[in-house]
Amino acid sequence: MIVSTASTGTAAVIPKAQFDWRPMALLAALMLAALPLVGSGSTWLTLTVAGLAMGFIIFVISSGLTLVFGLMDVLNFGHGVFIALGAFVATSVMGGMSAFSAGGGWQSLVAIFCAMLAAMAVAGAVGWAFERLIVRPVYGLHLKQILITMGGMIVGEEMIKVIWGPLQIALPLPELLRGALVIGDAAIEKYRLLASAIGALVFVALVYTLNRTKIGLLIRAGVQDREMVESLGYRIRRLFVGVFVAGSALAGLGGVLWGLYQQSVTPQIGSQVNVLIFIVIIIGGLGSTLGCFVGALLVGLVANYTGFVAPKVALFSNIALMVAILLWRPQGLYPVTNR
Amino acid sequence: MTAAALLELSGVHTHIGAYHILHGVDFAVPEGEVTVLLGRNGAGKTTTLRTIMGLWPASAGELRFRGRALRGLATPDIAAQGIAYVPENMGIFTDLTVKENIVLAARGARHAGELDTRRLEWIFELLPALKKFWLYPAGKLSGGQKQMLAVARAICEPRDLILVDEPSKGLAPSIIGNLITAFKELKRQRTTILLVEQNFHMASALGDRVAVMDNGRVVHHGAMREMVEDAGLQQRLLGLSLGAHQ
């Protein structure tokens, strides 16, 4: 077959473009550099796992925005409202399934997964309406996008207050996920392991979709040249809507993870993490899923290490990280060509 | 004898914002022939191709493809009629490999394994560099190789009409020679092409028909051979458009 001939015989002679390992190496270097600063190996392991878990959660809530920003060139400052919505839907679902979630066994995991599915469905549906009513009229108009999506987030927050009330609502972890696994002297929180597994699953699913499916090819191509994708006969508008809905659903999932991480939710949870999300996608390179992933892990690790080693530095560690990364790579860790 | 018109433009006007670019463009593209659109910079050639593709909608006039109206259709619907477009900037997806660019252009294939292998072999014979760089990121290709990829995308599935915008722009003469060979092979297979070109050598080597544009209008439309053989016509039009491109 010609394709296989081309992909085996000739490709072996032609040097393929090298994968850029340097951002990955930076991640490893950061972890190694933190070891002598932290001092204790067990504390370092605890902080590293905590930082990676935080990074995975941040990746889940940011991944939708980097897709939306990358493909649609939409500055969606209202992304946070889907995070808040996901978290509040989780409080309702887990409250409604209290018999499950209060139990110490596998039923509590069922309750959490039901909450995640419901959060994704509701956030995705609201995302669809958000795209139609708020984003669609301002495609290509960045200033208006910022204003109207921020307005959308304010309205969304107020709607959440109307439905769930203005006060903080507890989102306690089920008994099964409380506490930590102790390995030597290192304590690794059980919930962080679950959050890491879900984050890793989302990353693998996104990478697979983007690299191994035609939809993924279309998204990657659309990030670079929307007009050409249309000229090839594909309806990019439908792709836009699909990506926006998927991005909103991922934000909803991230909201559940973040709410369980904080063990409480407030209507402002979205706006609180909004800046963090933008820092991550700028560090990663706008529109880059891999960049978003590495950026989120860097942010999570730096926040945890500095929180232990130099708590005052932790107050601005995210901004400092972004400045350092942009001085090294002004387009972010994995810049998407043509942006 | 002129073949039946595959594409007809009559009285086409296009506005881009406040600017009136096309002022009633009239010409036809016969089936199975290469029609070359010539003209100086800013004459409206690229706008004409983009208007046909629906990327800049016509504000007045008629565009008919196989007798069906194109005006008002969205770009994907126009492409779905069997029209391929190779833009001036080539429109290569630089972050994708050559293979991925081709898979994307082949609407009937979900992955490389579903590409028409016989057609792919034909493309590799026509444009050998693509086979060599099959798994290579398209952004790493040279300008000429990118142009070949852009052409390959347009022909990876049978298309009724191919619109090509200045394929020789910025390319070395040897690469232009390769492109001319490839286009001649397409022409031999009776592929209908509407080619925008400023390189008169390439235009005259390929064209069956020629339309010369100036100020958003077609000021001459006829057989390429007439223009090549008629020094007076050339002289009149050279002053208008071709002189700078010889």
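I started with α3 (residues 41-72) and α11 (residues 236-262) of chain A, which pack at an angle of about 160° with their axes 7 Å apart. I took axes as lines fitted to C-alpha atoms, for helices over the stretch in contact, with angles from 0 to 180 degrees between N-to-C directions. Helices here are DSSP runs (H or I, at least four residues), numbered from the N terminus. That angle makes α3(A) roughly antiparallel to α11(A) (the cut-off is over 145 degrees). I noted the crossing of α3(A) and α11(A) as left-handed, meaning the near helix is turned anticlockwise from the far one by less than a right angle. Their contact has 18 nonpolar, six polar and no charged residues (Ala, Val, Leu, Ile, Met, Phe, Trp, Tyr, Cys and Pro are nonpolar, Asp, Glu, Lys and Arg charged, the others, Gly among them, polar).

This is a predicted model, so local features need pLDDT of at least 70 and side-chain atom pairs 80 or more, while totals for chains, interfaces and linings use all residues. Residues are numbered from 1 along each chain as its sequence is written, and chains are lettered from A and ligands numbered from 1 in the order written.

Next, the chain contact: 34 residues come from chain B and 28 from chain A (C-beta atoms, placed from the backbone, within 7 Å). On the chain B side, α2 (75-80), α3 (98-105), α4 (117-126) and α5 (128-132) each supply at least two residues. I get 20 nonpolar, six polar and eight charged residues for that side.

Last, I looked up Leu141(A), in the loop between α6 (106-135) and α7 (142-164) of chain A.

Note on methods:
Parallel < 35°, antiparallel > 145°, perpendicular 65-115°, else oblique. Contact = placed C-beta atoms within 7 Å.
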